[in-house]
Amino acid sequence: MKVGKKASFADVAIAAGVSIGTVDRVINGRGNVKPETEQRVLKYARELRLDRMLSLRPTRILKLGVVLQNRSNPFYMELADALKRCASDYSYLNFQVAFYFYERLDYRDVVEKIGMASAGCDGVLVDVFDHPQIRDMLQRLATSLPVFTLASDLPGIGSISFIGVDARSEGRVAGELMGRFLGAAGGDVLLISGLQSFHCHEQREMGFRSILRDRFPQCTFARPVESQEDEVSTELLVKTALSEHENIAGIYNISVGSKAIAELLNSTGKRKVLLISHELTQENRGLLKEGLVDAIIDQDPVSEARVAVQRFLAHYGRYDGEPGRPEFRIFLQENC
């Protein structure tokens, strides 16, 4: 460019190594341009101070497809709401989210939703359980589209990033709380997982077991149960466990159903049985305040949503900050 000359589409095209038509499609939002090409055109448009780029608003809509468990789970309701708020906060970057909820813990349903998300979006954010068909699909998808895992990781699929907390550390903290609360007397502890093929559930259980085994030998384990992420099943399983094990002194609920467990303990005169669970939903907050739950370990869905959106936008060059790292928090009756 000559000194003092106003930048043109042709100048940007030469700098970016593309055609003038491509520059026109990017600047005027006509679409049909690869994401990496769009980033390069925008970069040189900024550097050359093209007048039409002074606002620096990206012209192409970026859509993130979010695959989550059904909305009847309070945690996922709060996570979805947090993602919607983040999409609104970053709307000036032409960013949107689209949700694809799987209603059943069936790999076919999950695979279908991942396929729908990948077909119409620029990246996928998934919280899914481990299954060969799901893993295979995500591995193939990750070769052509950015894949992010949320809340529960799925190692080895080639994802860009995992957004979530250290689940094994969560379990270790739960074990520490349980051991200290029960004290020298100890007793049987009932462990309830939702679905072992969820990586975070497996890791929480491993952390919990390791702490009790190494530091609180007075705490022994009743037969573990798996609720399949169903509140009704959770209540029935706990009722059966209480009838089979008279010495249950504590319950660690990794998944859903804390309200059903708390009400069962209350109605059967077993309020002294300690109950530790996860996620500070409005329902769990109420249980804490009433003293029906003793501790909640919360992974902060608002923080996870914000970091997920920031990392997706950073992948496409639309976020220049440093995405944070979610951390879990411990809530007792006095700080809920």
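How many aromatic pairs does the count come to? The count comes to 11 aromatic pairs, where rings of Phe, Tyr and Trp (its six-membered ring) pair if their centres lie within 6.5 Å, with planes under 30 degrees apart called stacked, over 60 edge-to-face and the rest tilted. The model is predicted, so local features need pLDDT of at least 70 and side-chain atom pairs pLDDT 80 or more, while totals for chains, interfaces and linings use all residues. Residues are numbered from 1 along each chain as its sequence is written, and side-chain values use heavy atoms, without hydrogens and water.

**View 1. The aromatic pair of Tyr90 and Tyr319.** The ring centres are 6.1 Å apart and the planes stand at 85°, so the pair is edge-to-face. Tyr90 is in the loop between α4 and β2, and Tyr319 is in the loop between α12 and β12 (329-331), 229 residues apart. Helices (H or I, at least four residues) and strands (E, at least two) are DSSP runs, numbered from the N terminus. Both tyrosines are buried, that is, under 20% relative accessible area, with exposed over 50% and partly exposed in between (1.4 Å probe, protein chains only).

**View 2. The aromatic pair of Phe208 and Phe221.** This edge-to-face pair has 6.0 Å between centres and 70° between planes. Phe208 belongs to helix α8 (residues 199-215) and Phe221 to strand β7 (residues 219-221). Phe208 is buried at 0% relative accessibility, whereas Phe221 is partly exposed at 29%.

**View 3. The largest nonpolar core.** A nonpolar core is a set of buried Ala, Val, Leu, Ile, Met, Phe, Trp, Tyr and Cys residues joined through side-chain atoms within 4.5 Å. Of its 30 residues, Leu68, Phe95, Leu125, Leu150, Phe312 and Leu313 touch the most other members. The largest share, 8 residues, comes from α4. Leaving aside residues up to four places away in sequence, Leu313 touches Leu62, Tyr90, Leu93, Phe95, Arg318 and Tyr319 (contact: heavy atoms within 4.5 Å).

**View 4. The open sheet.** Its 5 strands are ordered β2-β1-β3-β4-β5 with parallel pairing; two strands pair if DSSP finds at least two bridges between them. β2 and β5 (161-163) stand at the edges with a single partner strand each, so one side of each lacks a neighbour in the sheet. 3 bridges join β4 to β5, and Thr149 stands opposite Phe162 in β5.

View 5. Cys86 is buried, with a relative accessible area of 7%.
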